[in-house]
Amino acid sequence: MNKQPGAGKKSKNRASRAWVARHLDDPYVKLAQKHGYRSRAAYKLIEIDRRDALIRPGTTIVDLGSAPGAWSQVLRERLARAGSAAGLDGRIVALDLLPMEPIPGVEFLQGDIREADTLERLEAMLDGAPVDLVVSDMAPNLSGIAAADAARMSDLADLSIDFAVRHLAADGALLVKCFHGSGYSQIVEAFRRHFADVQVRKPQASRSASAETYLLGRRPRAGRPSVSRASAAGASGTGRQRAIP
Ligand SMILES: C[S@@+](CC[C@H](N)C(=O)[O-])C[C@H]1O[C@@H](n2cnc3c(N)ncnc32)[C@H](O)[C@@H]1O
């Protein structure tokens with residue numbers, strides 16, 4: 001069947017107009033604008049934290065895939081020291097491929113987590129300190145080719161697990177965005193291998209039509225190369241081995 005010239009472009013334009021209309025109508029977009037969050041994603045973390053109480057003052061948190069910065073804003077609010085503009089009770093280290101507008105008190109590193117050099121720089125920033133919470137909202141640019149997108153997503157989830165396994169404190173937690181689809185059950189298995197308590201979270205702010213879901217791992221299992229608070233001082237945790245088979 002011959003396609004009309006320009007038909008593909010027209011349907012793309014229609015789809016992007018529909019996206020803009022849906023976006024403008026979205027209650028979470030409106031809330032984010034009202035409260036000064038950089039994206040509606042803030043409400044996903046707020047909702048998960050309301051249920052699971054993950055963000056605790058006095059802790060060290062790593063935010064993977066942080067740009068444009070809504071999750072870092074939420075983390076910062078929770079760790080903000082009363083009466084101090086930039087002072088935090090705790091530490092937030094954020095990482096993204098893309099640049100991120102500064103957020104007072106949030107340490108930002110621009111780099112690709114798949115690159116050894118980025119991991120080394122991130123680990124140097126942590127300087128061996130145990131991490132209490134790792135959150136990863138990383139998502140690849142989608143190509144539209146389902147198998148390739150699922151493989152990229154799984155790779156980012158694996159890297160988040162690998163990083164968390166090597167840096168989490170004994171009572172630490174890991175929250176990772178995943179997509180239901182091929183590779184999902186392997187990510188759940190990896191979570192179960194490394195955490196005694198694994199939960200699936202689908203916050204209301206995550207669109208129901210989206211395959212996006214979040215896995216939460218708590219109580220890291222013994223036997224992993226854990227970082228203890230006592231032994232952490234001065235010991236850089238740089239390790240190139242992949243913990244996830
Ligand atoms: C959905 S956005 C994160 C939104 C963020 N949580 C917020 O609240 O603003 C996903 C992010 O993952 C980042 N990302 C994707 N692949 C990455 C990689 N290999 N290394 C680091 N960041 C990556 C993207 O650049 C993008 O900014």
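## A mixed sheet, its helices and a ligand shell

Helices (H or I, at least four residues) and strands (E, at least two) are DSSP runs, numbered from the N terminus, and two strands pair if DSSP finds at least two bridges between them. What you are looking at is a predicted model, in which local features need pLDDT of at least 70 and side-chain atom pairs count only at pLDDT 80 or more, while totals for chains, interfaces and linings use all residues. Residues are numbered from 1 along each chain as its sequence is written.

### The sheet

The open sheet has seven strands with mixed pairing, in the order E3-E2-E1-E4-E5-E7-E6. At its edges lie E3 (106-110) and E6 (195-201), each pairing on one side only. On average, neighbouring strands are turned by 15° against each other, direction ignored; axes are lines fitted to C-alpha atoms, for helices over the stretch in contact, and angles run from 0 to 180 degrees between N-to-C directions.

| Strands | Bridges | Direction |
|---|---|---|
| E4 (131-136) and E5 (168-179) | five | parallel |
| E5 and E7 (212-220) | seven | antiparallel |

Val135 has Leu175 of E5 as its bridge partner. In E7, Gly217 is the bridge partner of Leu174, and Gly217 is also the bridge partner of Val198.

### The helices

Helix H6 (residues 146-167) and helix H7 (residues 184-194) pack with their axes 10 Å apart, at an angle of about 5°. H6 is therefore roughly parallel to H7, a term for angles under 35 degrees. From H6, the contact uses Ser154, Ala157, Asp158, Ile161 and Val165; from H7, Gln186, Ile187, Ala190, Phe191 and His194. Residues are in contact if their C-beta atoms, placed from the backbone, lie within 7 Å. Six of the contact residues are nonpolar, three polar and one charged. Here Ala, Val, Leu, Ile, Met, Phe, Trp, Tyr, Cys and Pro count as nonpolar, Asp, Glu, Lys and Arg as charged, and the others, Gly among them, as polar.

### Around the ligand

The ligand is surrounded by 22 residues, of which Ala41, Gly65, Ala70, Trp71 and Asp137 are the closest; a residue is near a molecule if its C-beta atom, placed from the backbone, lies within 6 Å of it. This shell divides into 13 nonpolar, four polar and five charged residues. H4 and E2 each supply at least two residues of the shell.

Definitions and conventions
Angles under 35 degrees count as roughly parallel, over 145 as roughly antiparallel, 65 to 115 as roughly perpendicular and the rest as oblique. Two residues are in contact if their C-beta atoms, placed from the backbone, lie within 7 Å.
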